[in-house]
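This briefing looks at how the chains of one assembly are arranged and how they touch. Please keep the structure in view while reading the points below.

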Amino acid sequence: MSWLPIIDLAGTFAFALSGATVAVRRELDLFGVLVLSFAAATAGGITRDVLIGAIPPAALVDSRYLIVATLAGVLTFYGSSLVERLENPVQLFDAAGLSLFAVAGTAKALAFDLNPTTAVLLGVLSAIGGGIARDVLVAEVPAVLRAEFYASAAMAGAAVVVIGDGLSIARTPVMIVGALVCFVLRFMAIRYRWRLPTARRQKQDRAT
Amino acid sequence: MSWLPIIDLAGTFAFALSGATVAVRRELDLFGVLVLSFAAATAGGITRDVLIGAIPPAALVDSRYLIVATLAGVLTFYGSSLVERLENPVQLFDAAGLSLFAVAGTAKALAFDLNPTTAVLLGVLSAIGGGIARDVLVAEVPAVLRAEFYASAAMAGAAVVVIGDGLSIARTPVMIVGALVCFVLRFMAIRYRWRLPTARRQKQDRAT
Amino acid sequence: MSWLPIIDLAGTFAFALSGATVAVRRELDLFGVLVLSFAAATAGGITRDVLIGAIPPAALVDSRYLIVATLAGVLTFYGSSLVERLENPVQLFDAAGLSLFAVAGTAKALAFDLNPTTAVLLGVLSAIGGGIARDVLVAEVPAVLRAEFYASAAMAGAAVVVIGDGLSIARTPVMIVGALVCFVLRFMAIRYRWRLPTARRQKQDRAT
């Protein structure tokens, strides 16, 4: 699948933009911006690789990840107004990155002979780990944990891959379907402001 | 020891309750609550397994951990008033979890041929890692670092296991004694509000 | 190089002092102070070792790290006024630790056959990881990300090692030069208050 690395790097680029944008808002210096770009783009995959024993992690060894993340960081740093104008495309890139990282992470876990549940866990972790690292590094509660239908979309995409694997369907179409499921769910969540319930909101509903 | 997995899962359940309770208080959504349940219940063991090379970590491969943590999360989310009424039993479960994770973590490190000091370090890390991950994920200073005789109790339990190992005493009774030492210390600390000194409190004492 | 372990432990000591000082300021209890000492002194090296597969990490197995970090923690806890008087020497120790950890981390990565870019990344991570862990544990944005010419100095030292390796120059003089480059840059940054630009400052400059 010759187009896969391209989308993978597009996802890396999108996640790096999100990291750099957060860093610029928190007034980190240039190096801090680059660190957050790289962390947001690669922490999920690095953690997955450590947990399955794929050492050293691909994101550290394949320097295209560093190059793409650095590019996104520098672009955001010197052109933050441009990036803010791009917000909508960024959200789409981000949804694409989420989708691809979720299915690719799940597939990698299956390739390491992990069971289906673990593979889904690791797929979701690959997809959301970068956002968690980004927010922990600026001492904020990870956005992934409190808002919108984000990790749930990743889980749906990962589940498609695992189910397809269980039914022995060829990997490529399954990954495409899984990524599409994740992408469409995430797109709808942004478009229609889907949210998961919180315990408080739930109580208010009951009180009404 | 057929009762050990039961207590192990009881500890997992108790730590998951603590994670879910923190998540509900911080108004995370349902997924965030489940993530914090799982993180609080397993981060200590996962970190230990990564550090000793037990890859992939047991908590990711054995799906009972996920099931028990999810159960605790859902229970807390939909019945947070019930869980708050249960506070005392939760503290006892938590003390049991701390005790078991401390001795089990130490024993696992010894089984991987690590030296006694390292084994104690890893036992304590297994026992307190979950609480640290839980608090870092909601951008708070880990409770473990600032209050009560908590990690010290874990260290005492871990030390018993290491000393018993050095004296070549059979593992089972040593682990039971280690867990009891930790549990009793922790119970007394809750009951009588034991605390370790802080540098400030110490200065105030001197000033008095 | 019989002097290397001595400087390595001096660096560990300096980083542990910085961790303990932060912990005392945040009023952590004695155990919290010791955890922060150990985390600040070893998190960088432990993360590097996990990422390259050097398991279990040296800082957990060689108990001198624990002893030196504990010593620094106890000293800071019971004599925090003394340590504050020592601030200048501490900054010099810290710069020495940064320099040594940067070149030693890079050299270790090269010894594990990683490519030059990865080796520089891991050298920088070894040098700054402890400071990041220290600040994340007290829920602060890592100082390394927002201030002063710190990580950049580590990167310069790491680059010297990688370039020297590419030119097949003997390791010892290359590491000495790399450490000196890092140390001098860091010393000048403290002395003359060098900083990297932030996006905001940059805009203000343009506005002027």
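## Chain contacts and symmetry in a predicted model

Between them, chain A and chain C bury about 2,400 Å², and carbon and sulfur atoms account for 69% of that area. Within the share that chain A buries against chain C, A:D29, A:F31 and A:L60 supply 27%, which is more than any other three residues give. The model is a predicted one, with an ipTM of 0.83 and a pTM of 0.87.

**Chain A against chain C**

- The contact draws 27 residues from chain A and 32 residues from chain C.
- The count of salt bridges between chain A and chain C is 0, whereas 3 residue pairs are in polar contact across this interface, counted where both residues have pLDDT 80 or more.
- On the side of chain A that touches chain C, the elements giving two or more residues are α2 (30–52), α3 (58–61), α4 (63–78) and α7 (116–137) of chain A, and of the elements on that side α2(A) gives the most, with 8 residues.
- Sorted by class, that side of chain A holds 21 nonpolar, 3 polar and 3 charged residues.

**Chain B against chain A**

- Here 27 residues of chain B are in contact with 32 residues of chain A, and the area buried between chain B and chain A is about 2,400 Å², with 70% of it coming from carbon and sulfur atoms.
- Of the area that chain B buries against chain A, 26% is supplied by B:D29, B:F31 and B:L60, more than by any other three residues.
- Between chain B and chain A the count of salt bridges is 0, and the count of residue pairs in polar contact is 3, with both residues at pLDDT 80 or more.
- The side of chain B that touches chain A takes two or more residues from each of α2 (30–52), α3 (58–61), α4 (63–78) and α7 (116–137) of chain B; α2(B) gives the most to that side, with 8 residues.
- The residues on this side of chain B divide into 21 nonpolar, 3 polar and 3 charged.

**Symmetry relating the chains**

- Chain B is superposed on chain A by a rotation of 120° with 0.0 Å of shift along its axis, at an RMSD of 0.0 Å, and in chain B the C-alpha nearest the axis is that of B:A139, 3.1 Å from it.
- Only 11% of the interface residues of chain A are also interface residues in chain C, so the copies meet through different surfaces.
- For chain B and chain A the figure is likewise stated as only 11% of the interface residues of chain B being interface residues in chain A also, so these copies too meet through different surfaces.

**Confidence of the prediction**

- Chain A has a mean pLDDT of 85, and 86% of its residues reach 70 or more.
- Among the elements of chain A, the lowest mean pLDDT (56) belongs to helix α11 (residues 199–207) of chain A, and the highest (93) to helix α9 (residues 151–166) of chain A.

Conventions
Residues are numbered from 1 along each chain as its sequence is written. Chains are lettered from A and ligands numbered from 1 in the order in which they are written. This is a predicted model: local features need pLDDT of at least 70, side-chain atom pairs count only at pLDDT 80 or more; totals for chains, interfaces and linings use all residues. Side-chain values use heavy atoms; hydrogens and water are left out. Contact means heavy atoms within 4.5 Å. Buried area is the accessible area (1.4 Å probe) that two parts lose on being put together, summed over both. A salt bridge is a side-chain nitrogen of Lys or Arg within 4 Å of a carboxyl oxygen of Asp or Glu. A polar contact is a pair of N or O atoms within 3.5 Å; within protein, one must be able to donate a hydrogen and the other to accept it, and residues adjacent in sequence count only if both atoms are side-chain atoms. Helices (H or I, at least four residues) and strands (E, at least two) are DSSP runs, numbered from the N terminus. Ala, Val, Leu, Ile, Met, Phe, Trp, Tyr, Cys and Pro count as nonpolar, Asp, Glu, Lys and Arg as charged, and the others, Gly among them, as polar. pLDDT is the predictor's confidence in each residue, from 0 to 100. Copies are superposed by least squares on the C-alpha atoms of residues with pLDDT of at least 70 in both.
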